[in-house]
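Me: I would like a close look at a single part of this model, followed through to whatever it packs against. Please take it slowly and give the cut-offs as you go.

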Amino acid sequence: MTDTAAAELQRHPPARGAVLARRGEVDTDPLPACRPSPAVALERAFQSVLQRQMQDMPMLNRALSVEAVGFRPWHEHWLGIMVTPWFMNLMLLPRVSANWQPIAERESRHYVFPAGVFEFIGGSDPVLGDYQACSLFSPMFEFADQGGARATAVAALEALFDTASRNHAEVAAPQPANLAGQGDPAPSAAPAPAARAVSKRDFLFGPAARAERGP
């Protein structure tokens with residue numbers, strides 16, 4: 001983290017607990033981006049984890065690779081999906097550093113999208129800095145190849161901004177979003193909004209598609 005970003009965080013203390021994003025649409029505000037898209041940095045970081053830490057792990061789907069999918073501006077953040085051989089996560093990272101409100105590792109924050117309320121878990125990495133993540137799949141054994149995983153990530157991003165998905169999903173993050181994708185369940189900084197239990201498939205494709213695709 002740069003000295004400027006650190007100074008901004010001191011002037012704007014982290015917000016704790018559940019917060020609701022102002023709107024769900026892709027960002028159209030005029031605030032300039034002071035940080036570039038994190039897609040390349042994310043791919044490098046998780047590729048390093050794959051090579052150095054994950055090779056002997058049983059949860060690894062060796063048919064898959066590391067890929068950052070669909071990163072785009074959303075309010076003051078960068079939003080996209082990280083696909084790895086061991087998880088698929090929605091990821092939020094700072095775009096306008098002065099307006100980023102970090103949360104402590106293993107604490108949670110809730111954001112409103114057109115599809116519903118989603119819980120993100122705080123994380124931090126020496127290279128990437130602060131980020132927040134919402135787990136969609138882990139492990140990744142239901143994907144036969146990278147093309148299938150990528151297509152699902154693209155569909156998830158489309159569903160996230162589709163109000164028709166709202167009746168199918170309010171997704172909670174089940175574990176901390178550390179780089180290795182491991183850890184105990186994280187306590188929330190504040191009680192989560194009430195939400196019925198739904199499957200990831202219901203969120204991505206809706207009940208009708210679930211019936212067609214099978215359990």
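How far apart are the end C-alpha atoms of helix α2, and what span should its 15 residues have at 1.5 Å a residue?

Reply: This is a predicted model, in which local features need pLDDT of at least 70 and side-chain atom pairs count only at pLDDT 80 or more, while totals for chains, interfaces and linings use all residues. Residues are numbered from 1 along each chain as its sequence is written, and side-chain values use heavy atoms, with hydrogens and water left out.

Helix α2 runs over residues 39-53, and its end C-alpha atoms are 21 Å apart, which agrees with the 21 Å that its 15 residues should span at 1.5 Å a residue. The expected span is taken as 1.5 Å times one less than the number of residues, and the helices (H or I, at least four residues) and strands (E, at least two) are DSSP runs numbered from the N terminus.

The buried residues of α2 are Ala 39, Leu 42, Ala 45, Phe 46, Val 49 and Leu 50. Seen down the axis of α2, these buried residues fall within an arc of 140°, so they line one face of the helix; the arc is that of the directions from the helix axis to the C-beta atoms. Arg 44, Gln 51 and Arg 52, on the other side of α2, are exposed. Here buried means under 20% relative accessible area, exposed over 50%, and partly exposed in between, with a 1.4 Å probe and protein chains only. An α-helix has 3.6 residues a turn, so residues three or four places apart point the same way.

What the buried residues of α2 pack against is a set of strands, namely β1 (67-74), β2 (77-83) and β3 (88-94), where a contact means heavy atoms within 4.5 Å.

The structure holds 10 aromatic pairs, counted when rings of Phe, Tyr and Trp (its six-membered ring) have centres within 6.5 Å, with planes under 30 degrees apart called stacked, over 60 edge-to-face and the rest tilted. The rings of Phe 46 and Trp 86 have their centres 6.5 Å apart and their planes at 55°, so this pair is tilted. Because Phe 46 lies in helix α2 and Trp 86 in the loop between β2 and β3, the pair ties together parts that are 40 residues apart in sequence, and both residues are buried. Phe 46 also forms an edge-to-face pair with Phe 87, at 5.4 Å centre to centre and 75° between the planes. That pair likewise links distant parts of the chain, since Phe 87 sits in the loop between β2 and β3, 41 residues from Phe 46, and Phe 87 counts as buried at 2% relative accessibility.

A word on confidence is in order. The pLDDT, the predictor's confidence in each residue from 0 to 100, averages 76 over the protein chain, with 62% of the residues at least 70. Confidence is highest in β2, at 98, and lowest in helix α1 (residues 3-11), at a mean of 41. Where pLDDT is low, the predicted coordinates should not be read in detail.
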